[in-house]
Amino acid sequence: MKSEMNTSQTEAQVIQLFDTQSSTYTYLVYDPHSLDAVIIDPVDEQIQRDQQIIQDKGLKVRWALETHAHADHITSAGLLAEHLGLKTAAPEGCNIGTASVQLVDGQIIPFGAFALKALHTPGHTAGSMSFYLATNEGGHVFTGDTLLIRGCGRTDFQSGSAQALYHSLTQILFKLPHNTTVWPGHDYQGRTHSSIGDEIHNNVRVAGHTEAQFVAIMNKLNLPKPRRIDEAVPANLNSGLRQDAGGEVVRNDVLTIRPADGYAGDVYPELAWHWVQSGEAVLVDVRSDAERAWVGFVPEAKPLAWKQWPVVDVNPEFDAGIRAIAATGLKIVLLCRSGVRSVAAAQRATSLGIEAFNILEGFEGDPDAHAHRGKLGGWRMRGLPWRQS
Ligand SMILES: [Fe+2]
């Protein structure tokens, strides 16, 4: 999803992009004459979309900016820096050590004839910033999770503070000109933008409330933990580039094939799904019939059990089944519950001369500390299509 704010061609232009999985807005802001640009809060799963738009528009992206260290998605800033040669910048209070510039309050971020001003707006996290662009027509402010449309970011984790957020909203953002366009970091109801004046009067969290009332509202929210926080925050402290066990920086790119022993490679569910949708691969579900019925399944997948519970031998139909599927000439991507059985199945298919890939994390991922699956990764947690029955 993409929407564009077209004011006059002498003003900076704003392109708003949306990631449906995390409901995150990413922004491209650019000078229409020089085409110099900045990208704000890019999402790693959307890197191909973003690069396509940048290429189509001929933009020269100078900066990838973070409003804070996100808990709900992983940034593509590190990868964009590699691909496009841009500079990464993040608020100094967010401990994103890989960002090439650590932004302080009031810092100017120039692009073409324009510049964003970093405003330290703590509260959602201690380091959170908003980015303000003054224009003749009212200006823009990119508020991250500090100010949302009719709401604000939570303050109950990641060094959050409801008192600090109240101050940031009422003393910093609400002091901007009332016709400033507010571009939030998220919206869960399809709203795209608002204005400072509108939020001063209609923001249900803060309008008409004292600091004490606001703090009481924030303390009573009782929100569930963001589903990707354990994965996303550590990755984002590294501009989205992950360290492996040996200390080497590895690409945190879900669209990369990882080399494997005895089969064509390991892929994340996102890449497997991308291949299936583009007609490059056939998805084969090697779980048992009972598991598929019980836990859920991917409608596009061909069922071919590796082993049928409670039988411990390999399904005698497996070889013939996988050969028949491979006769299409497409590569095979194999899905099981957590990515273990599918390795054995991929090795077996490879021994039959078939190009076979294992899908990492499987349908449900590994169990967490409470023995619950579906919380540490997998097809379902990553938001890919599936059905219960
Ligand atoms: Fe956030």
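Two strands count as paired here if DSSP finds at least two bridges between them. Six strands make up an open sheet, running in the order S8-S9-S10-S11-S14-S15, and the pairing in it is mixed. At the edges sit strand S8 (108-111) and strand S15 (194-195), each of which pairs on one side only.

Strand S11 shows both kinds of pairing. With strand S10 (residues 129-133), strand S11 (residues 140-144) pairs in the antiparallel sense, over 3 bridges. Here Leu 133 has His 140 as its bridge partner, while Tyr 132 stands opposite Val 141.

How much of S11 is covered? Mostly it is, with 5 of its 5 residues buried. The cover comes on both faces: one side carries His 140, Phe 142 and Gly 144, the other carries Val 141 and Thr 143, and all of these are buried.

Stepping back to the whole chain, there are 10 helices and 22 strands. The radius of gyration is 23 Å, close to the 21 Å that the globule rule gives for 389 residues, so the chain is as compact as a globular protein of that length. Along the principal axes, the C-alpha atoms fill a box of roughly 70 × 50 × 40 Å. Buried residues make up 45% of the 389 in the chain. As for contacts with a separation of 6 or more, 57% of them involve residues 24 or more positions apart.

The chain is divided into two parts, domain 1 (2-236) and domain 2 (249-389). Between their C-alpha centres lies a distance of 37 Å.

How far can the model be trusted along its length? The mean pLDDT of the chain is 89, and 94% of the residues reach 70 or more. Residues 243-252 are another matter, as pLDDT stays under 50 there, and the model has 14 contacts beyond four places in sequence for them. Where pLDDT is low, the predicted coordinates should not be read in detail.

Helix H10 (residues 341-351) has a run of buried residues, namely Arg 341, Ser 342, Val 343, Ala 345, Ala 346, Arg 348 and Ala 349. What do the buried residues of H10 pack against? Their partners are helix H9 (318-326), strand S21 (331-335) and strand S22 (356-359). Just after H10 comes Gly 353, with a positive phi of about 85°.

A few loop residues are worth a look too. Asp 31 is found in the loop between strand S3 (24-30) and strand S4 (36-40). Is Asp 31 buried or exposed? Asp 31 counts as buried because it has 21 C-beta neighbours inside 10 Å, and the cut-off for buried is 20 or more. Leaving aside residues up to four places away in sequence, Asp 31 touches Ala 12, Asp 36, Phe 111, Gly 112, Ala 113 and Phe 114. One of these, Ala 113, is 82 residues away along the chain, yet its C-alpha atom and that of Asp 31 are separated by 6.6 Å.

Asn 95 has a positive phi of about 60°, although it is not a glycine. Asn 95 belongs to the loop between strand S6 (87-91) and strand S7 (101-103). With 17 C-beta neighbours inside 10 Å, Asn 95 counts as partly exposed. Asn 222, also not a glycine, has a positive phi of about 50°. The loop that holds Asn 222 runs between helix H5 (211-219) and helix H6 (229-236). Why is Asn 222 exposed? Asn 222 has 6 other C-beta atoms within 10 Å, so it counts as exposed, given that the cut-off for exposed is 12 or fewer.

Notes:
Residues are numbered from 1 along each chain as its sequence is written. This is a predicted model: local features need pLDDT of at least 70, side-chain atom pairs count only at pLDDT 80 or more; totals for chains, interfaces and linings use all residues. Helices (H or I, at least four residues) and strands (E, at least two) are DSSP runs, numbered from the N terminus. Two residues are in contact if their C-beta atoms, placed from the backbone, lie within 7 Å. Domain bounds come from an automatic or database domain assignment. The radius of gyration is taken over C-alpha atoms; the globule rule is 2.2 Å times the number of residues to the power 0.38. pLDDT is the predictor's confidence in each residue, from 0 to 100.
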